[in-house]
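Please open the model in a viewer that can select by chain and residue number.

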4 protein chains.
Amino acid sequence: MLRCGIVGATGYTGIELIKILGRHTYAQLSALTSRQPKPFPVRQLVPEAPEDPDVVVRPFNFSEVRDAVDAVFLCLPHTEAARTAAKFYRAGKIVIDLSADFRLKSARLYEAWYGVRHAAKNILGRAVYGLPEMNREAIRSADLIANPGCYPTGAVIGLYPLLKRRLIDPDSIVIDAKSGVTGAGKRLSPHTQFCAVDENFYAYKVNRHQHMPEIEQALGKAAGRRIAVTFVPHLLPMKRGIMTALYLKVRKGAGAPQIARAFGECYGEEPFVRFRGEGQFPALADVQGTNFCDVGFSLEKRNGRLIVITAIDNLLKGASGQAVQNMNIRAGFPEHEGLKVW
Amino acid sequence: MLRCGIVGATGYTGIELIKILGRHTYAQLSALTSRQPKPFPVRQLVPEAPEDPDVVVRPFNFSEVRDAVDAVFLCLPHTEAARTAAKFYRAGKIVIDLSADFRLKSARLYEAWYGVRHAAKNILGRAVYGLPEMNREAIRSADLIANPGCYPTGAVIGLYPLLKRRLIDPDSIVIDAKSGVTGAGKRLSPHTQFCAVDENFYAYKVNRHQHMPEIEQALGKAAGRRIAVTFVPHLLPMKRGIMTALYLKVRKGAGAPQIARAFGECYGEEPFVRFRGEGQFPALADVQGTNFCDVGFSLEKRNGRLIVITAIDNLLKGASGQAVQNMNIRAGFPEHEGLKVW
Amino acid sequence: MLRCGIVGATGYTGIELIKILGRHTYAQLSALTSRQPKPFPVRQLVPEAPEDPDVVVRPFNFSEVRDAVDAVFLCLPHTEAARTAAKFYRAGKIVIDLSADFRLKSARLYEAWYGVRHAAKNILGRAVYGLPEMNREAIRSADLIANPGCYPTGAVIGLYPLLKRRLIDPDSIVIDAKSGVTGAGKRLSPHTQFCAVDENFYAYKVNRHQHMPEIEQALGKAAGRRIAVTFVPHLLPMKRGIMTALYLKVRKGAGAPQIARAFGECYGEEPFVRFRGEGQFPALADVQGTNFCDVGFSLEKRNGRLIVITAIDNLLKGASGQAVQNMNIRAGFPEHEGLKVW
Amino acid sequence: MLRCGIVGATGYTGIELIKILGRHTYAQLSALTSRQPKPFPVRQLVPEAPEDPDVVVRPFNFSEVRDAVDAVFLCLPHTEAARTAAKFYRAGKIVIDLSADFRLKSARLYEAWYGVRHAAKNILGRAVYGLPEMNREAIRSADLIANPGCYPTGAVIGLYPLLKRRLIDPDSIVIDAKSGVTGAGKRLSPHTQFCAVDENFYAYKVNRHQHMPEIEQALGKAAGRRIAVTFVPHLLPMKRGIMTALYLKVRKGAGAPQIARAFGECYGEEPFVRFRGEGQFPALADVQGTNFCDVGFSLEKRNGRLIVITAIDNLLKGASGQAVQNMNIRAGFPEHEGLKVW
């Protein structure tokens, strides 16, 4: 059994991790922490949890958690995540960080977009970007895994095969993404109040969202060159899911068969990508509650414009599900352990 | 008083017309019809309607309606709309058709996209496309007004000034639109059941939506050349509103000031377009229940990509509100009569 | 023109008041205040407001507002409302208070339920409870109007005729009420976050809601004796509306005709109560956006149990609409002025 | 392995059964049927189903299903269910019927409420009412299990201990229930369209709902006398869950400790009832996606009125979850097999 800890267990991603690890065959919840000053049973977060006196959420105490776990999931605000990760990393633990702190390779870029100094520059170079579809081999031996952002997961899975196979013009990338409200986290905000969201829809942080450099870094790696995208996120009046529409120019000679082949070859063996083929587009209902990323595309012959659409559950493939997928890869467990819904 | 009739009063657009004309100073509801075999009071459709025994919804009888009205709004399925329009047009009435039957200038194009023969080809040439922001002068004397589709209204208002001023590359146009469920009409369908829509989101009719040739026709007129767009509509889990994101390449020399000036000059006098300026994007909540189209834009310097976002209420500016705006223009009434919410 | 002020213009009830008074023929918005440190145009609250430089929301300054208004609407937290009301009342203004501060006749009861000292006991005796269906004559000359709570409005309108006519057992009253989320106000709370409300439903403050003594006071006045009700409010996953189911035992000899007659006679002339008769129950959609209270009932012969159901829009008949109705009564304007939707 | 069939696999309850049985350790999906004329893979209903060529939904053929299964779940309209049940029962199969056909012991009562003749009167006497909390022993040997209705499940679990222990006045029972939209099934109806449900709420079939005699039969059995309840169902603007508020008069001497003890003793060993104690009321979010029924209560000392509130997921404890719970009891499997979410 891999002894697992969750630091920051009360947020949306923490609760999803509790549920996944609670039914995991080879993992065991051995430390759960929160900012609450007093311990409380995990049942307050997940009513269907067993009445196990061991499963208690406690105030964070580094040495207690360190002694109790082999692997730790960090569901913390940025900078706090970096500081905490450094400690667990130095203590020899497997660290899976769900914050943004280790996603960008460049501390300078991080500081420009997040507006704060990086709190653990010295280990930034050790972090592996935890997108299994791009980085599985590196994840197998990583002790510091930077779990991808939700928007980057949806966008990069849709673009990676096309850039790798040089099927699209890397200067043409437009990303129109729509996210459910859990993406904004649990922190109180006027923007996530029911009456502000219900029956409403709007774009926000147009070309200024902090996930943009993360997307560009991943795409740049796939393309072997710098990439500047257009990125417009929107807030949907619903809880879970990210739908990403990608608008692209194909390169000369790249037709629908080439595109379908690129997706098929890259993702044919992937346990959590379902490529649906040409003209088959996913709905968010298809992926909610699962770790799948569904992908469809359409190529317009009149103007050579390619549309790729991906769908994920932002809390699973876009956060906690992918985190456990990464843990499974790192620990040598079956990749879908804890993540199968059937 | 202009005596007005609504043929097809029980659908979403019919009910909105009843509400608008009910509070209109110069219009009078003098005929309301539906497919119900028996007459029924308008209160069944609009609970706040007065207990006026004259305001009754009756089965359609052409000569009765003809004798009762000066202007008629048709809220009918296509082809049935064309046949009915032809009769009222020949009887000398002002006809405002909310169906798609008179929007496309080419009967051949209509037949290709709608899959049926056009039922009134001989008067198709008389129809004026009822988008006041493009066609106000022609509307003033039109007896057959083709009220625009909801998606075309949101897209064309965002693109018209840019194409007219030659600020964008006409081959670069991507339209990512998101509509509330009223856009699908009241006909029973598994796709509009609560449990199919709630907490769900998806693209549909990707590059195959019947509003696409209408958009291309209007844009082609503005640009003075043929235009082929990419058009992806989505269904939002909410009732009302269309948000349209437009992704465009600007032409050399077209900067933010030129773009702002184009919008400002085209729409500065428009009673129902609110141009918000650079970096100011609308939410659907801003326009619901109003006849406004709100417009914002952002120009990305890194890659010359322009984002324009428009928001309308699909049942008002996208249908019944615009229909009354057209009636007001045609009849010489103040353009905002019946449409002011303040 | 009656010069009107709104103190606390940025909450849900303040914004509704702005919209109603903005289209009122005989009222004029002459002072709007908020806690924001800087003035801002009313358009930020109500996008369809005219660009009138006079209509600005300013920080509260008593003497400025006093000089500008004839009547003032207070949309303030309790105790702050009482203190502010006292000043305007002493300055000779018509005060319409939307808080709970002047609803309970007994300062002791107020202090027991609200947990604070009453801040203006000396004028509590001057307050008139602003439920026109019970108190119209007193409202005509009132200078301090305590606008009823939303739950009490829905419950009391359904019970008043039955108690007055002695048709029901006053010890049998069960009130099962369901409210939209705007009822909770705009203050940030984990309970009104989208993800806490959407797809959820629950009872809260069971028999402990602060509107309970207000309901009992109004019913006691109608019945001429003390009344103890059962009151269970619930939160609906939607924005607006309160549905109230009343479960009652009828007295001997009270049949459906007597009940129908009681409602008909009490409310036949009421501009904002629509009695629908036996077996006809309202939906919240029927009253949203209106100042109506719809009422239906059903009498079960098997067990003499009576069910009365009422529906209101909690922000209109349950708050701001009723406040303007009270103002219209007090000022001698037509009672539906500003409140007609047709 | 118990070989299981689902007749009527495409409705909401059929799909839930597929999901539960798909993860069941001792059950195997060996026949799935629908009205579709052609076979189709189960993945069309449940995207996360494995690509197993055996798991196909086929047109119904009695002898094929009979040969393939040991137990059969019927998710059919009433009367069709009775006819089909009779065949499988005679063929010696375990029949679990999710329709209303075998719930009422009296064919006359059935015919009065459902308005059709009973299609299998001769086996009606063999049916066992499948509410484990009341009938576990009888279920262990039943070959025809009438799975309870969703409303009756929520109401009866809240009332059974109180009636059995004679703690309440059986003539005082008021049931105010609120259901999500899946309760109405998948059949197209104007009442379940998104725009009819969203932002709306209303009571329906007041004292005329067909679940009323089923509730009265179960309560009558618990009380040992005839019982006439008041029953008001409402439709919530959400997908899943039934919240039931029960308003009751307690008998002399029945205080909160007696009530808590009755619930504790009746349900202390129940795997799927969570009694939360006095003043602790459930939210629908607590039970969605689970087979639990949560129960809380409050006793008002002022007037001896008792409030009990129960919450279930209408598709699980209110339908398919309870059906599998019944199958587990009948087959001797652990009762929570397939139904554990942790």
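Select C:Glu80, which is partly exposed because its relative accessible area is 26%; with a 1.4 Å probe and protein chains only, buried means under 20% relative accessible area, exposed over 50%, and partly exposed in between. This is a predicted model, in which local features need pLDDT of at least 70 and side-chain atom pairs count only at pLDDT 80 or more, while totals for chains, interfaces and linings use all residues. Residues are numbered from 1 along each chain as its sequence is written, chains are lettered from A and ligands numbered from 1 in the order in which they are written, and side-chain values use heavy atoms, with hydrogens and water left out.

C:Arg35 and C:Glu80 form a salt bridge, their closest N and O atoms being 2.8 Å apart; the term denotes a side-chain nitrogen of Lys or Arg within 4 Å of a carboxyl oxygen of Asp or Glu. The pair links distant parts of the chain, 45 residues apart: C:Arg35 is in the loop between β2 (27–34) and β3 (40–41) of chain C, and C:Glu80 is in helix α3 (residues 80–90) of chain C. Helices (H or I, at least four residues) and strands (E, at least two) are DSSP runs, numbered from the N terminus. With a relative accessible area of 65%, C:Arg35 is exposed. Over all chains, the structure holds 84 salt bridges.

**Two salt bridges in chain D**

Select D:Arg3 and D:Asp70 next. Their side chains meet in a salt bridge (2.9 Å, N to O). The two residues are 67 residues apart and link distant parts of the chain, D:Arg3 being in strand β1 (residues 2–7) of chain D and D:Asp70 in the loop between α2 (62–68) and β5 (71–74) of chain D. D:Arg3 is partly exposed at 28% relative accessible area, and D:Asp70 is partly exposed at 25%.

Proceed to D:Arg276 and D:Asp286, whose side chains also meet in a salt bridge (2.9 Å, N to O). D:Arg276 lies in strand β13 (residues 273–278) of chain D and D:Asp286 in helix α11 (residues 284–287) of chain D, so the pair ties together parts that are ten residues apart in sequence.

**The interface of chains A and B**

Display chains A and B together. Here 40 residues of chain A are in contact (heavy atoms within 4.5 Å) with 41 residues of chain B. The area buried between the two chains is about 3200 Å², of which carbon and sulfur atoms give 55%; buried area is the accessible area (1.4 Å probe) that two parts lose on being put together, summed over both.

Across this interface the rule finds four salt bridges. Zoom to A:Glu216 and B:Arg302, whose side chains meet in a salt bridge at 2.6 Å, N to O. On the side of chain A that touches chain B, the elements that each supply at least two residues include α9 (212–223), β12 (242–249) and β14 (293–300) of chain A. The residues of that side divide into 23 nonpolar, eight polar and nine charged; Ala, Val, Leu, Ile, Met, Phe, Trp, Tyr, Cys and Pro count as nonpolar, Asp, Glu, Lys and Arg as charged, and the others, Gly among them, as polar.

**The interface of chains C and D**

Switch to chains C and D. The contact takes 41 residues from chain C and 40 residues from chain D, and the two chains bury about 3200 Å² between them, 56% of it on carbon and sulfur atoms. Four salt bridges are counted between chain C and chain D. In one salt bridge, D:Arg302 pairs with C:Glu216, with the closest N and O atoms 2.6 Å apart.

**A glutamine that touches chain C**

Select A:Gln193, in the loop between β9 and α8 (194–197) of chain A. A:Gln193 counts as buried at 6% relative accessibility. Not counting residues up to four places away in sequence, A:Gln193 touches several residues of chain C, among them C:Arg187, C:Thr192 and C:Gln193.

**Cysteines**

Finally, select A:Cys266, which lies in helix α10 (residues 256–267) of chain A and counts as buried at 15% relative accessibility. Leaving aside neighbours within four places in sequence, A:Cys266 is in contact with A:Pro161, A:Lys164 and A:Arg165.

How many disulfides are there over all chains? The count comes to zero, a disulfide being a pair of cysteine sulfur atoms within 2.5 Å. The sulfur of B:Cys266 is 13 Å from the closest cysteine sulfur, in B:Cys293, which is too far for a bond.
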